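Bring your questions, and we will take them one pair at a time.

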Amino acid sequence: MQDRGYIEKKPFFQRRYVRVGIIMLLTMCSLLLAGLLFIWWFSAQSHPKLDGETIEAPLTAEVEVIRDSRGVAKIQADELEDLFYTQGYVMAQDRLFQMDMTRRLAGGRLAEVIGEDALESDKYFRSYGMHRAVDGIIEQFDEETARMVDAFAAGVTGYIDDAFEAGEQPLEFRILGYRPDEWTAEDTAIAVKYMGYTLTGNFRDELTHYELVRRFGAEAEAMFPDYAEADEFPVIGDGLPEASESTAVAAYEELTKEQAGIVEPDLEELSELLPEPWNGSNNWVIGGEWTESGAPMIGDDPHLDLAVPSVWYQTHLELTGDFHSIGVTVPGIPGVVLGHNGEVAWGVTSLSADYEDVFLEQVNPENPNEYLYDGEWEEAERHYEEIHIDDEPEPYVHYVDETRNGPVMNRVIEEGPYQAYSLRWSGLEPGEELDGILRVNRAETAEEFAAGLEGFVTPGLGWVFADTDGNFGWQGQALLPVRQNGDGMFPVPGWDPDFQWDGFLEPDELPGEMNPEQGYVMTANHMPVDEDFDYEIGRSYFPYRGLRLEEMIAEQQASGDPFTLETMREMQTDVVNTQAEMLVPLMTEAVRDWDVELHGGTDLEGEILGELSDLEEEALEQLERWDYLEDVDSSGALIWHLWYEGLPQTLFERYLQVEVTNHVSRHRVIADAAETDVVFAYLDERYQVPFAKAARETFFEAVQQAEELQGGSASTWRWGDWHQVEIAHPLGAVWPLNHLLNVNGGEMGGSGFTPGASSFDEETGIANHGAGWRFIGDLASTDRFYDVNIPGQSGQWRSPHYEDQMTIWTEGEFEEMIYNKEEAEDMNRVRFVPEGAS
């Protein structure tokens, strides 16, 4: 046999291909590490130096900025212009990119830096017209307000100049590759208008009601929200106005006899641009006779989209010999908007009234720039809006017709027939909001505070307030239209003079009260007026959080135990769902009443449903035993929300092909169905569905979804495993920036229906809406005020204050709002000095 020889095998790590592989792997790891270190260094270049710095600025005297352990800056100045210049500069250090995005979004200028993907948004906001309304608000400025706003704008611009000249601009501007324009008074004014826009959600409801009546006739009005129908819904006053038949519906029926071809609104496309319809808040004041300290106590937690950075900016201002306020403002707006000044404390909720109407418009077929009014064609004012698009040589020209009723809106979303609808919003009227900021910061009594609100136009807010003398109250403040006809729930004929607005409510006609006998005031977006109120100011209110807070206050008063700051914390983070408490028994009973032979029922594939499976029976029992507490361990909360979201979707979208998001409308339909055993009993028989059938089908689907999410044992399902906090940065939709810029907060109890509010995405369960800022306080001492603002004070990634408040917020805790920062030794300090003085 031939000797084939002996081949010696080399040790594994000496083999050539292994060595090559290791070298390649080490090279890749080194490059990755170098890349991460570069990103780490690159992002750090934009961070402001928060301690030991001296910054030259166009000031008249030195200003000291003292930052606490959360990065909240106290600005102390002797002159008004110096104070607000420094506030603008410091705010821009933390939030410049957010401020620039706000003014671009509201003014329809996103496409300039983002490109064509933002064109539809820009067209919508150019049509809405906030940028055309800013001159009106600036014309309302008194001399001192003009000085405040101009100084603030100069401070923002000062930071832009300093940062970009030093190559220390925030990371987002490096990524997108642009330098922002200087800040102006117009930018601050549009930030005010945009905040008002975010709290104006009736537009969507009016178009939905239009669609319901267009398809199903006047009988569909029974599906409109009617707060007065439910005796258990709370009212800030003592009762409700009587419900009246919608004159707009009657006008529509007459219209359909004479007019054809009204454009069907593209609700799905438009809804992506409309504000969240359930933006709201909780706030309350407990009178001193009920508190442990003997002084009033306050709680406030405004509910908006959770975002990185926060909608709110913590701020602290002291103008020597004038005022000393601490709290939050909105990035881009000077002053302290919510908080306290040592004498008065205040908070807000959305008033949730109706400030806008949709007007159907008839367009001259011979001249599409003319619209019918009172039998005559009127020429609309036409605005030609040039929208500049990144990397495009020529601007996109978008025209907007503005009738006597407001800008025409449907041309944003479709070309086609000349029939249209326009929108009138009282928020486009000029207001004194920025004048009022100085008035409320200087208020020394509750009466002075309430008087300082006069002239506020938008947002429409319910303010609560209290002073150190023990006085407290609440005041609704908005520009509320007086409607000749209609109740604001339905589009009205824009050509009919009888449906024009007849001016606005006078300030002394707005709802409010001082030192009420019950010993407290509380608003949570529920109905603000009683049966004696002379005007119809809205119907789309949200009762559920207010109902629970009213219960908690009544229970505490009945117990004889005084309210404490811990009581306030528990109220603000409570997770009992009163909506579920009212509806779960109706829906579980319907499932128990279901009979396969009598009612039938199919699953999503059309298969006939049999008797309840073992898992369905277990899930149903979990719901029947549920205490309506939506803590993270609750299985009932998970089953309920999957079911509740599925049932309206089935009822309205599957059976009627209409999306209805108003929760009072949904509640009304479910309660009516439970009473009659038929869903939509008031519609044609073609649309009627046995309630037991609808409940059985949707319960099956909810259990099936829960099983897919968390397995086959209902007793182990957990609300917190699905309902988790994840908040996104504007650039976080782009990989891999989502992993760097977005913030995860873990599991979360509650929902939009609980005082501890955390609304969520129906598809993912991600909690994305709630009280980004929480505030509680005891007017007995300036040392007894606490807040939390998520995810943190700074919008600059990798700042120590980017997400440092996230954990305590998730855990329902607070940190002290340090009023006398200058007395502490562990604060960071920066000096702003007049130019040439360093």
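Q: Is R718 buried or exposed?

A: Good place to begin, and keep in mind that this is a predicted model. A residue counts as buried under 20% relative accessible area. R718 has 18%, so R718 is buried.

Q: Which residue forms a salt bridge with R718?

A: That is D633, with the closest N and O atoms 2.7 Å apart. The two sit in distant parts of the chain, 85 residues apart: D633 is in the loop between helix 18 and helix 19, and R718 in the loop between helix 21 and helix 22.

Q: How many salt bridges does the structure hold?

A: There are 47 salt bridges. One of them joins the side chains of R147 and E81, at 2.6 Å from N to O. R147 belongs to helix 6 and E81 to helix 2, so this pair ties together parts that are 66 residues apart in sequence. R147 is partly exposed at 27%, and E81 is partly exposed at 30%.

Q: What does the pair of D161 and R179 tie together?

A: Here the closest N and O atoms are 2.8 Å apart. D161 lies in helix 6 and R179 in the loop between helix 7 and helix 8, so the pair ties together parts 18 residues apart in sequence. D161 is partly exposed, at 28%, and R179 is partly exposed too, at 41%.

Q: Which residues are linked in a network of salt bridges?

A: One such network links D100, R103, R104, R109, E112, D181 and D187.

How values were computed. Residues numbered from 1 in each chain as written. Predicted model: local features only at pLDDT ≥ 70, side-chain atom pairs only at ≥ 80, totals over all residues. Heavy atoms only, no water. Salt bridge = Lys/Arg side-chain N within 4 Å of Asp/Glu carboxyl O. Helix = DSSP H or I, 4+ residues; strand = E, 2+ residues; numbered from the N terminus. Buried < 20%, exposed > 50% of the residue type's maximum accessible area, 1.4 Å probe, protein only.
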